[in-house]
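Please read the following report on one protein model.

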Amino acid sequence: MIFITGGAGFIGANFVHHWLSATNEPLLVLDALTYAGNLESLSDVQANARYAFAQVDICDRQAVEALLAAHRPRAVLHFAAESHVDRSIHGPGDFIRTNIQGTYELLEAARAYWGTLAHAQRAAFRFLHVSTDEVYGSLGPNDQAFCETTPYSPNSPYAASKAASDHLVRAWHHTYGLPVLTTNCSNNYGPYQFPEKLIPLMIHNALAGKSLPLYGDGQNVRDWLYVEDHCRAIARVLDAGRVGETYNVGGRNEVRNVDVVQLLCNLLDTLSPRADGTRYSTQISFVADRPGHDRRYAIDASKIARELGWVPRETFETGLRRTVQWYLQHGEWVQHVTSGAYRDWLGKQYGRDSGMAEESSA
């Protein structure tokens with residue numbers, strides 16, 4: 001069995017689906033079910049005998065320790081995190097608590113459990129920490145892509161909290177010997193993503209006839225990674241990654257935000273044209289940039305390709321089409337997650353008629 005923290009979130013839920021379809025091994029999802037944790041994302045696997053769920057906060061070390069003792073997993077995969085940059089600017093405390101304190105509590109629970117295992121089980125145990133490229137800071141237009149040895153230079157409360165969690169994981173390996181693995185991914189997109197992030201928000205707003213607001217000049221560049229490719233990478237690192245190592249995971253798709261939105265509009269023009277015949281791109285607007293907006297991220301994923309044989313399968317064009325089709329086919333899921341609390345937050349943050357998202361990776 002494996003444990004998956006944050007398994008009702010975007011990347012975690014996609015990993016649950018991937019794991020159950022690709023392996024015969026059972027799993028337990030641990031999730032506090034905050035605003036972005038959604039059990040509807042796991043509704044189609046809840047009858048699977050290899051799936052189990054526990055509503056638990058990773059900051060509750062005693063509860064986590066009890067689950068570890070009861071289920072005896074061979075690995076803990078740590079997805080749970082607050083991950084939205086804009087929210088971290090206006091409310092950094094939640095990010096400090098979940099991403100730093102929560103990772104600490106989870107590491108200590110895992111270390112105590114690991115210490116109870118027999119020798120062979122101790123050698124096989126893994127703690128896999130899922131992190132982000134935002135810990136590396138921002139790149140200029142001609143800078144080399146982030147690699148595993150790029151110095152950390154986080155620029156937002158979110159990125160700083162994830163950087164701190166990465167350092168804790170590294171320290172627990174070097175100080176206590178806990179067998180850890182870390183992945184730092186580029187910007188994920190795909191099914192089940194909460195519509196505060198760029199791509200699902202733009203799809204949602206476009207279909208609702210609302211503005212498609214882009215920060216600043218829209219020239220910010222991100223390396224886009226289809227979430228299913230990311231899940232394959234994590235599974236591969238768990239299977240064969242070298243203990244104590246970090247693996248960067250990127251999609252090889254550097255795209256400007258303005259081009260992402262234009263591509264989305266073009267896809268929607270084809271797949272779900274507006275009743276009045278006008279193009280969705282007429283809804284694009286530009287709004288004031290957010291504080292400290294990083295200009296460019298890019299991942300050098302040559303290490304994971306070289307050592308573990310992983311490369312992304314989806315291009316940005318094929319992954320984006322799959323994503324748009326999924327959201328068009330799952331309107332009820334979108335309707336449920338865009339509830340009153342979500343709309344109230346968007347209204348407070350960006351105005352009554354619009355929502356805006358930072359395209360955070362994790």
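The model is predicted.

**Sheets**

Strands of a sheet pair through backbone hydrogen bonds, either parallel or antiparallel.

T5 stands opposite H78 in β4.

Another open sheet has 3 strands in the order β7-β9-β11, and its pairing is mixed. Here the edge strands are β7 (187–189) and β11 (254–256), each pairing on one side only. The twist from one strand to the next averages 50 degrees. β7 pairs with β9 (residues 221–226) in the parallel sense over 3 bridges. N188 has L225 in β9 as its bridge partner.

**Pockets and cavity**

The table gives the volume of each space and the classes of the residues that line it.

| Space | Volume | Lining residues by class |
|---|---|---|
| Largest pocket | about 580 Å³ | 16 nonpolar, 8 polar, 7 charged |
| Second largest pocket | about 360 Å³ | 4 nonpolar, 9 polar, 5 charged |
| Largest cavity | about 40 Å³ | 6 nonpolar, 4 polar, no charged |

The largest pocket is lined by 31 residues, and the closest to its centre are T34, A36, A80, A81 and E82. Which elements give two or more residues to this lining? They are α1, β2 (27–31) and α4.

The second largest pocket has 18 lining residues, and those nearest its centre are E148, Y152, R170, G244 and T246. Both α6 (157–176) and β6 (180–185) supply at least two residues of this lining. Which element gives the most to the lining of the second largest pocket? It is α6, with 5 residues.

The count of cavities of 30 Å³ or more comes to 1. The residues lining the largest cavity are A8, G9, A36, N38, S41, Y192, Q193, F194, W333 and V337.

**Aromatic rings**

The structure holds 18 aromatic pairs. One of them is formed by F15 and F79, whose ring centres are 5.4 Å apart. Why is this pair called tilted? Planes under 30 degrees apart count as stacked and planes over 60 as edge-to-face, with the rest counted as tilted. The planes of F15 and F79 stand at 40 degrees, so the pair is tilted. This pair links distant parts of the chain, since F15 is in helix α1 (residues 10–22) and F79 is in the loop between β4 and α3 (85–90), 64 residues apart.

Key
Residues are numbered from 1 along each chain as its sequence is written. This is a predicted model: local features need pLDDT of at least 70, side-chain atom pairs count only at pLDDT 80 or more; totals for chains, interfaces and linings use all residues. Side-chain values use heavy atoms; hydrogens and water are left out. Two strands pair if DSSP finds at least two bridges between them. Helices (H or I, at least four residues) and strands (E, at least two) are DSSP runs, numbered from the N terminus. On a 1 Å grid over the protein atoms alone, a cavity is a set of points where a 1.4 Å probe fits but cannot get out, and a pocket is an open set with protein on both sides within 12 Å along at least five of seven lines; lining residues have an atom within 4 Å of a point. Grid points are joined across faces, edges and corners, and a volume is the space filled by probe spheres set on the points. Ala, Val, Leu, Ile, Met, Phe, Trp, Tyr, Cys and Pro count as nonpolar, Asp, Glu, Lys and Arg as charged, and the others, Gly among them, as polar. Rings of Phe, Tyr and Trp (its six-membered ring) pair if their centres lie within 6.5 Å; planes under 30 degrees apart count as stacked, over 60 as edge-to-face and the rest as tilted. Axes are lines fitted to C-alpha atoms, for helices over the stretch in contact, and angles run from 0 to 180 degrees between N-to-C directions.
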